[in-house]
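Please keep the sequence and the 3D view open as you read.

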Amino acid sequence: MSSDDGLLGPAEIRALAARLGVRPTKTLGQNFLHDPNTIRRIVRTAEVGPDDVVLEVGPGLGSLTLGLLGAAGSVVAVEIDPVLASALPSTVASRVPSLAARLSVVEADAMAVDLSDVRPTALVANLPYNVAVPVVLHLLETVPSLRSALVMVQAEVADRLAAPPGSRTYGVPSAKAAWYCAVSKAGAVPRAVFWPVPNVDSGLVRLVRRDPPPGSRKDTFAVIDAAFAQRRKTLRAALAGWAGGAALAEEALRAAGVDPTARGETIDVDGFSRIASARHVLRE
């Protein structure tokens, strides 16, 4: 991507926001990227190419969108703000007219949008921290064509998504994301590249689709939720309500090859899947 790739800098971002009457809101978690070098880095790290249909959630003023259009075959931008959604096509047409045909804009909530006709292959997005985990998990569940994702989130959320079993930050987001993908951190993003400057650090998380464990996702997620609802308890105690009693929980745990005195933060997603499957078998 060259220096004349049409990317938006700090002055252009502020001018565009002023022209649209847009004031970044905490409610929507709007912190707009304004550093072209960071945009280029994100696009390189995402490793998207001409064969990719990229899904971007929350394109905002279009800074990342412009970078993605130069690398991907097409970009589907899902934007909940009607002002931003309606302005994005004209921004792209004015900055990179030769790439405008690659963009489709959908004004919708990412938690409710229907993308069955689009079949995106990669998710690349700057996500507000308060909705990042639900959005990522929802899209991985409902858009099976997604092969990979690179999301920019609050650093703390990045730690949680990519945490391995046994680590301090391992929990529900880590285990559920691992059902769908191999998850890893892909670098830090400084606060100064956003407008307005957030009061938290950000980080990139890479997710690469993998075959899920055997068994039911719904049942496995129920075990994960129960295991982490009472983090300090042993699995025998934490899963008592889920299993119908501590003795039944222990029976399922032993059948799954899991120590009943272990705690949820030490179990990987395959272990949770075995527990769910064992309980199902024992009920038959």
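What follows goes from the whole chain to single residues.

## What you are looking at

This is a predicted model, in which local features need pLDDT of at least 70, side-chain atom pairs count only at pLDDT 80 or more, and totals for chains, interfaces and linings use all residues. Residues are numbered from 1 along each chain as its sequence is written, and side-chain values use heavy atoms, with hydrogens and water left out.

## The whole chain

The chain has 12 helices and nine strands. Both are DSSP runs numbered from the N terminus: helices are H or I with at least four residues, strands are E with at least two. The C-alpha trace spans about 65 × 40 × 30 Å along its principal axes. For 284 residues, a compact globule would have a radius of gyration near 19 Å, and the 21 Å of this chain agrees with that. The radius is taken over C-alpha atoms, and the globule rule is 2.2 Å times the number of residues to the power 0.38.

Of the 284 residues, 51% are buried. Here, buried means under 20% relative accessible area, exposed means over 50%, and partly exposed is in between (1.4 Å probe, protein chains only). The accessible surface comes to about 12900 Å², with 52% of it belonging to carbon and sulfur atoms; such areas come from the Shrake-Rupley method with a 1.4 Å probe, and for residues only the protein chains shown count as cover. Among contacts (heavy atoms within 4.5 Å) between residues at least 6 apart in sequence, 70% join residues at least 24 apart.

## The annotated domain

An unreviewed UniProt entry carries the annotation "domain: Ribosomal RNA adenine methylase transferase N-terminal" for residues 38-211. UniProt positions are given in the numbering used here, feature names are shortened, and annotations may be inferred rather than shown by experiment. Over residues 38-211 the chain is 33% helix and 27% strand, and the end C-alpha atoms are 32 Å apart.

Helix α5 (residues 132-142) is mostly covered, with eight of its 11 residues buried. Its buried residues include Val133, Val136, Leu137 and Leu140. An α-helix has 3.6 residues a turn, so residues three or four places apart point the same way.

## Aromatic rings

The structure holds five aromatic pairs. Rings of Phe, Tyr and Trp (its six-membered ring) pair if their centres lie within 6.5 Å; planes under 30 degrees apart count as stacked, over 60 as edge-to-face and the rest as tilted. In one of these pairs, Tyr170 and Phe228 have ring centres 5.8 Å apart and planes at 70°, so the pair is edge-to-face. Tyr170 lies in the loop between α6 (155-162) and α7 (172-180) and Phe228 in helix α8 (residues 217-229), so the pair ties together parts that are 58 residues apart in sequence.

Tyr170 is buried at 2% relative accessible area, and Phe228 is buried at 8%. Ring pairs link Tyr170 and Phe228 with Phe272 into a cluster. Elsewhere, Arg217 lies over the face of Phe221, at 5.2 Å from the ring centre. A charge sits over a ring if NZ of Lys or CZ of Arg is within 6 Å of the ring centre and within 35 degrees of the ring normal.

## Backbone features to check

Most residues other than glycine have a negative phi, and most peptide bonds are trans. Glu47 has a positive phi of about 55° although it is not a glycine. Glu47 sits in the loop between α2 and β2 and is exposed at 63% relative accessibility. Arg119 has a positive phi of about 50°, again without being a glycine. The loop between β4 (103-107) and β5 (122-126) holds Arg119, which is exposed at 57%.

A cis peptide bond joins Trp195 and Pro196, with omega about -10°. Pro196 is found in the loop between β8 (194-195) and β9 (202-209).

Asp52 lies in the loop between α2 (36-46) and β2 (53-57). Is Asp52 buried or exposed? Asp52 is buried, with a relative accessible area of 12%. Leaving aside neighbours within four places in sequence, Asp52 is in contact with Glu47, Ala72, Gly73, Ser74, Thr121, Ala122 and Arg147.

Val106, in strand β4, is partly exposed at 27% relative accessibility. With neighbours within four places in sequence left aside, the contacts of Val106 are Val76, Ala77, Val78, Glu79 and Val113.
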